[in-house]
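Hi there,

Here is the structure I promised to pass on. Have a look at it first, and my notes follow below.

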2 protein chains.
Amino acid sequence: MEISINDFKTIEGGVTAPSGFKASGVASGIKKNGEADIALILSECKASAAGVFTLNKVKGHSLELSVENLHDGSAQCVFINSGNANACLGPKGKEDAIAITEKCASLAGISPEDVLTGSTGVIGHPLPMEKVLNGITDAYYKLDKNGGINAAKAIMTTDSYPKEAAVSYSSNGGTVTIGGMAKGSGMINPNMATMIAVITTDAVISPELLKEILQNAVDKSFNRISIDGETSVCDKILVLANGMSGLPAIQNNSAEAFKFEKALEIVSIRLAKMLASDGEGATKLIEINIRNAATPEDAHAAGKSIANSPLVKTAFFGEDANWGRILTAVGYSGAEFNPSETSISIGTMVLFDKGVAIPFDEHQAKEVLSKHEISIEVNFGSGRFDTTIWTCDFSREYIDINANYRT
Amino acid sequence: MEISINDFKTIEGGVTAPSGFKASGVASGIKKNGEADIALILSECKASAAGVFTLNKVKGHSLELSVENLHDGSAQCVFINSGNANACLGPKGKEDAIAITEKCASLAGISPEDVLTGSTGVIGHPLPMEKVLNGITDAYYKLDKNGGINAAKAIMTTDSYPKEAAVSYSSNGGTVTIGGMAKGSGMINPNMATMIAVITTDAVISPELLKEILQNAVDKSFNRISIDGETSVCDKILVLANGMSGLPAIQNNSAEAFKFEKALEIVSIRLAKMLASDGEGATKLIEINIRNAATPEDAHAAGKSIANSPLVKTAFFGEDANWGRILTAVGYSGAEFNPSETSISIGTMVLFDKGVAIPFDEHQAKEVLSKHEISIEVNFGSGRFDTTIWTCDFSREYIDINANYRT
């Protein structure tokens, strides 16, 4: 079956773009600066639900409870707070997460097991539970079918803007809509983990197929970005499919499944690129294209090594065409390749051709490197596997943000 | 056999501290700012020689020639230039490296195969060979038995000070001396590679045993430091043992071999800690102690992950007791451990005790963190393997240095 990018329509909004979802964002007082810190999303009916979770061995308490509550493949409500990670607190952390699900459930008249919880922020400080429980009540009464943007704002930590994306497509004479929101913006590294995203859809789909398709979309989007090589203990991506499109259920390996996967991938890539572009202190979005690697693993390792290299990232901040650092990062990535068959270009300028440095015009290089979006290519000249990784540069502001985050 | 640290005497100087070595450092014009850029070391007689080289798949041409010239386990002369890496230049890079060995050899009246070459600096620019060859002549005539410090200065790139260390110890009624010099100070990462160091000794030892002992010493020193997780294409450690102590040859598994190894380890650790402490833009030296890991590999992975974490390093720059980032870095390191048996302390302050955050006095923490040398401990509470890794913090100056290095 042919799927064209033209089959998918970019639409406004985020998690409340699909039918049957309301959301809200409120300031409960967790953040001392009075900014919004609790996001709530509620579906009109129980939804198929799936998630991908951090690979960090240490896991936040809110995240662990979400993993448990997803075991039956369904959920109806998502709670996320920013400003506090609810992590590394012993039994109290788990108790607080349970109290949160109970509060949401009692307001919405649903089971606590159908509430998914997430927390992001500083580690090791107990949640101020009175503020949180009052905030949930506030958020519940502010739920709105246009409230997606408020939820997207409430999950922000060091993000500089709220991140939303949505697409719709025609399906069996009806319309399927997928919307999402995400927050970054440090601790972002290929291996999922590393951020929080919530995606909603009105598609009709089983939890099993939803999970499989989510993993595929994540592998092509959130697992291909890196801000600083860090993998946090709290971060996750959740998807809820509430079936409110009223269309026939999406079957495994069907044309509709491929279309749904493509749409989920589009939303995920758009959110992922926003995360990379809004990395802490970032001034540039860098697209790293690895071409003709011997295996997909080699391509991924090479791309990730470039994306995580402080020397590459500071060179881009300095708008310096330092391809030697790119080659160095590939050289220690563990990827198999032959340097004398390898070429490197930045934008359309070839700087290293089959093992030999190519003299280039520094003025032209400055012009390419002064742009906000920069694309680089490393071509291994043999194999047949390609990948794309997105990252950002490394600026003075990253240091300033992270030297003073906790206190 | 009991070896006491008191058996070893710290002495002044570096590569010219042992008998029979002369050295020099001159400005040949490779560096545009007129600073010294060629270091030469010459032994009075042919020496046993060994090296440990970068694991980067891409290797500089000067380094590759050193690897070749070490095949017979002997050398008499070491040439190192800073300011240009002589890397990624195709056949010309190799030709230039050979021309350098020929020039050194003809001046010294030795074989070109007994000259080891090293280059450090920017990648992809041909060496200005006329300047280099004239510089070698200049350096040869300036060789001096007190010239170690000049060689140490000439190998510096972004180092803020020259790095030398030397010890001597009694052996069979005589004295063995070991001296060394090293340069950093970005691209430093456990896995050797990552820097240039040259160590000289007047011990009498076979190339095979020298190589084995060097690898042991490197594993406990240069492989345990990290500035930024980068592994360069040019970096190496070389050791020359010229036998001028006139003592009996050191035999494998003998008391003298253990003593020699300990002395080489002391010199290597001192140089390695200087490299970590003088990391680009560093304001602090951080000693990371991993205790009670299940395997040596787990201990190393955990320590390295902390040492390379931009979030940990920026927190130390900000003097912030952010133990959550330390735990996070351990969590994604791949090390096997149980978070609920794990404890973390900074200095003498326990911040995380068997899985639970411990409230602490922020004033006391600031006091510990405002010091230049800071020690942290992660205790896994089970296994029996320990390791120590040294790193530095991550400052605004690191960004400034590396955003503007090449141009």
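What do the buried residues of helix 1 of chain A pack against? They pack against strand 3 (38–53), strand 4 (74–82), helix 2 (91–108), strand 5 (115–120) and strand 10 (236–241) of chain A. Those buried residues in helix 1 (residues 61–69) are A:H61, A:S62, A:L63, A:L65, A:S66 and A:N69. Here, buried means under 20% relative accessible area (1.4 Å probe, protein chains only), and helices (H or I, at least four residues) and strands (E, at least two) are DSSP runs numbered from the N terminus.

Please note that this is a predicted model, with local features needing pLDDT of at least 70 and side-chain atom pairs counting only at pLDDT 80 or more, while totals for chains, interfaces and linings use all residues. Residues are numbered from 1 along each chain, chains are lettered from A in the order written, and side-chain values use heavy atoms, without hydrogens or water.

Now for chain B. Beyond its neighbours within four places in sequence, B:F260 is in contact (heavy atoms within 4.5 Å) with residues including B:Y169, B:I178 and B:I250.

As for the pairing, 100% of the interface residues of chain A are also interface residues in chain B, so the copies meet through the same surface.

Best wishes

Note on methods. Buried < 20%, exposed > 50% of the residue type's maximum accessible area, 1.4 Å probe, protein only.
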